[in-house]
Amino acid sequence: MGWTGSQYYGSGSRKDFLIHTFTQKNDTHTWWLSDVSMRGSVAYCISWQKDERTGVETHEGMVILTEKRKNDPHWIYHKEMGESCLPYYFDAPVSLIKKLNELGEPYNDNARQWRDRCLENAQRAKIKVEIGTIIQFMKTFKFTSRSGVFEEDTFTIATDWNGKKAFRTQTGQLCRIPNWKKLEYRVLGVQ
């Protein structure tokens with residue numbers, strides 16, 4: 001599954017580019033996107049298709065990855081994945097998932113799993129943790145420090161020398177875990 005590249009000299013955003021690119025019409029069908037939400041370079045939306053002969057409209061939740069490359073400044077590359085193939089991107093807005101559910105049941109188990117994981121991810125992101133909270137991740141992380149390599153799965157929320165949130169290992173070392181709220185973990189308590 002490769003990338004599709006298109007020249008784009010417009011002054012709009014990647015979102016505008018996607019709406020323009022995916023809006024098409026011919027004698028028999030019309031295609032368009034609705035509810036487009038950008039999360040960085042990833043678009044979450046609903047892809048629609050209308051059969052002009054019968055008037056039947058179908059839809060699917062869609063994830064579209066976008067990329068701009070330095071050597072191609074007037075090109076935007078994209079890769080689209082429907083929810084029925086279970087894309088491994090779960091940051092879709094809750095409002096989009098709710099709208100998809102209101103429009104109808106998922107097409108298959110992959111689409112159901114994708115919607116459920118997006119909702120779980122949104123719930124996990126809402127959890128507020130305070131300094132001193134002890135968190136155990138469901139996977140072990142490997143770190144390299146001056147004293148060697150060590151593995152850890154349990155951390156205490158602390159602050160670093162700049163006052164930003166960090167994780168303190170059981171041996172007292174500070175570390176960062178990017179996008180940690182997207183990972184599976186459980187709260188063990190507060191110190």
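At what relative accessibility does E52 stand, and does E52 count as buried, partly exposed or exposed?

Modeller: E52 has a relative accessibility of 29% and counts as partly exposed. The model is predicted, so local features need pLDDT of at least 70 and side-chain atom pairs count only at pLDDT 80 or more, whereas totals for chains, interfaces and linings use all residues. Residues are numbered from 1 along each chain as its sequence is written, and side-chain values use heavy atoms, with hydrogens and water left out.

E52 forms a salt bridge with K25, and their closest N and O atoms are 3.9 Å apart. E52 sits in the loop between β4 (42-51) and β5 (57-69) while K25 belongs to strand β2 (residues 24-25), so the pair ties together parts that are 27 residues apart in sequence. The term salt bridge denotes a side-chain nitrogen of Lys or Arg within 4 Å of a carboxyl oxygen of Asp or Glu. Strands and helices are DSSP runs numbered from the N terminus, with at least two residues (E) for a strand and at least four (H or I) for a helix. K25 is exposed, at a relative accessible area of 61%.

An open sheet of 6 strands has the order β1-β6-β5-β4-β3-β2, with antiparallel pairing. Its edges are β1 (4-7) and β2, each with a single partner strand, so one side of each is left without a neighbour in the sheet. Two strands are taken as paired if DSSP finds at least two bridges between them. Strand β3 (residues 29-39) and β4 meet this rule with 9 bridges in the antiparallel sense.

The structure holds 6 salt bridges. Among them is the one between R115 and E83, whose closest N and O atoms are 2.8 Å apart. R115 lies in helix α3 and E83 in the loop between β6 (72-82) and α2 (94-103), so this pair ties together parts that are 32 residues apart in sequence. R115 counts as buried at 2% relative accessibility, and E83 likewise counts as buried at 1%. A further salt bridge joins the side chains of R112 and E105 at 3.3 Å, N to O. Here R112 is partly exposed at 36% relative accessibility, whereas E105 is exposed with a relative accessible area of 63%.

The loop that holds E83 also contains L86. The phi of L86 is near 55 degrees, a positive value in a residue other than glycine. Most residues other than glycine have a negative phi, and most peptide bonds are trans. L86 is partly exposed, at a relative accessible area of 27%. N179, in the loop between β10 and β11, also has a positive phi near 55 degrees, and N179 counts as exposed at 53% relative accessibility.

The remaining strands named here belong to another sheet. In this open sheet, 5 strands follow the order β10-β9-β8-β7-β11 with antiparallel pairing. Its edge strands, β10 (174-175) and β11, each pair on one side only. Strand β7 (residues 133-145) and strand β8 (residues 148-159) share 8 bridges, and a hairpin joins the two through 2 residues. Within this pairing, T144 has V149 of β8 as its bridge partner, and I135 stands opposite F155 in β8. On the other flank, 5 bridges join β7 to strand β11 (residues 185-190), again antiparallel, and T133 has V190 as its bridge partner in β11.

Terms used
Buried means under 20% relative accessible area, exposed over 50%, partly exposed in between (1.4 Å probe, protein chains only).
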